[in-house]
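Q: I've got a structure open on my screen and I'd like to learn how to read it. Can we go through it feature by feature?

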Amino acid sequence: SWSYAAEETGISLVDVRNVQLVDLNITGFRVDGVNADGNCRGVVFDNVTIHDNGRAGLSANGTSRVIVQN
């Protein structure tokens with residue numbers, strides 16, 4: 001059977017500071033698994049698996065800086 005994600009983005013971060021995402025599995029969204037937009041700083045992805053999303057697993061836009069580890 002055919003299926004699709006109801007939501008476009010799994011996690012949307014806009015102008016956030018000092019956020020840590022740990023031990024997540026983000027799968028099957030229409031656009032991005034995670035979108036960090038604007039001016040995000042101190043965003044850390046630790047042991048996060050992002051796959052099978054429409055456009056990108058992780059999209060960091062604007063002047064956002066993110067750290068991906070493990």
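Q: Which residues does Asp52 touch, not counting residues up to four places away in sequence?

A: First, some ground rules: this is a predicted model, where local features need pLDDT of at least 70, side-chain atom pairs count only at pLDDT 80 or more, and totals for chains, interfaces and linings use all residues. Residues are numbered from 1 along each chain as its sequence is written, and side-chain values use heavy atoms, with hydrogens and water left out. A contact means heavy atoms within 4.5 Å. On that basis, and with residues up to four places away set aside, Asp52 touches Thr27, Gly28 and Phe29.

Q: Where is Asp52 placed relative to the strands?

A: Strands are DSSP runs (E, at least two residues), helices are runs too (H or I, at least four), and both are numbered from the N terminus. Asp52 sits in the loop between β6 and β7.

Q: Is Asp52 buried or exposed?

A: The scale is relative accessible area: buried is under 20%, exposed is over 50%, and partly exposed is in between (1.4 Å probe, protein chains only). Asp52 has 62%, so Asp52 is exposed.

Q: Which side chain makes a polar contact with that of Asp52?

A: A polar contact is a pair of N or O atoms within 3.5 Å; within protein, one must be able to donate a hydrogen and the other to accept it, and residues adjacent in sequence count only if both atoms are side-chain atoms. Here the partner is His51, and the contact is 3.1 Å.

Q: What about Asn53, buried or exposed?

A: Asn53 is in the loop between β6 (49-51) and β7. Its relative accessibility is 15%, so Asn53 counts as buried.

Q: Which backbone atoms lie by the polar side-chain atoms of Asn53?

A: Look for two of them. The backbone nitrogen of Phe29 is 2.8 Å from a polar atom of the Asn53 side chain, and the backbone oxygen of Ile26 is 3.5 Å from one. Beyond four places in sequence, the contacts of Asn53 include Ile26, Phe29 and Asp32.

Q: Where is Asp32 placed, then?

A: Asp32 belongs to strand β4 (residues 32-37). With a relative accessible area of 0%, Asp32 is buried.

Q: Which residue's side chain is joined to that of Asp32 by a polar contact?

A: Arg55: the two side chains are joined at 2.6 Å. Leaving out residues up to four places away, Asp32 also touches others, among them Glu8, Thr9, Gly10 and Ser59.

Q: How do I read Ser59?

A: Start with the strand: Ser59 is in β7 (residues 56-60). Ser59 is buried, at 8% relative accessible area. Apart from neighbours within four places, Ser59 is in contact with Asp32, Val34, Asn35 and Ala36. The C-alpha atoms of Ser59 and Gly33 are 8.1 Å apart, although 26 residues separate the two along the chain. The Ser59 side chain also makes a polar contact with the side chain of Asn61, at 3.0 Å.

Q: What do the backbone angles show at Asn47 and Asn70?

A: For Asn47, phi is near 60°, a positive value in a residue other than glycine. Asn70 also has phi near 60°, again positive and not in a glycine. Asn47 is in the loop between β5 (41-46) and β6 and counts as partly exposed at 38%. Asn70 comes in the segment after β8 (66-69) and counts as exposed at 77%.

Q: How many helices and strands does the protein have?

A: Zero helices and eight strands. Reading along the sequence, the pattern is β-β-β-β-β-β-β-β. The radius of gyration is 12 Å, close to the 11 Å that the globule rule gives for 70 residues, so the protein is as compact as a globular protein of that length. That radius is taken over C-alpha atoms, and the rule is 2.2 Å times the number of residues to the power 0.38.

Q: What does the C-alpha trace span along its principal axes?

A: About 40 × 25 × 15 Å. Of the 70 residues, 26% count as buried. For contacts between residues at least 6 apart in sequence, 51% join residues at least 24 apart.
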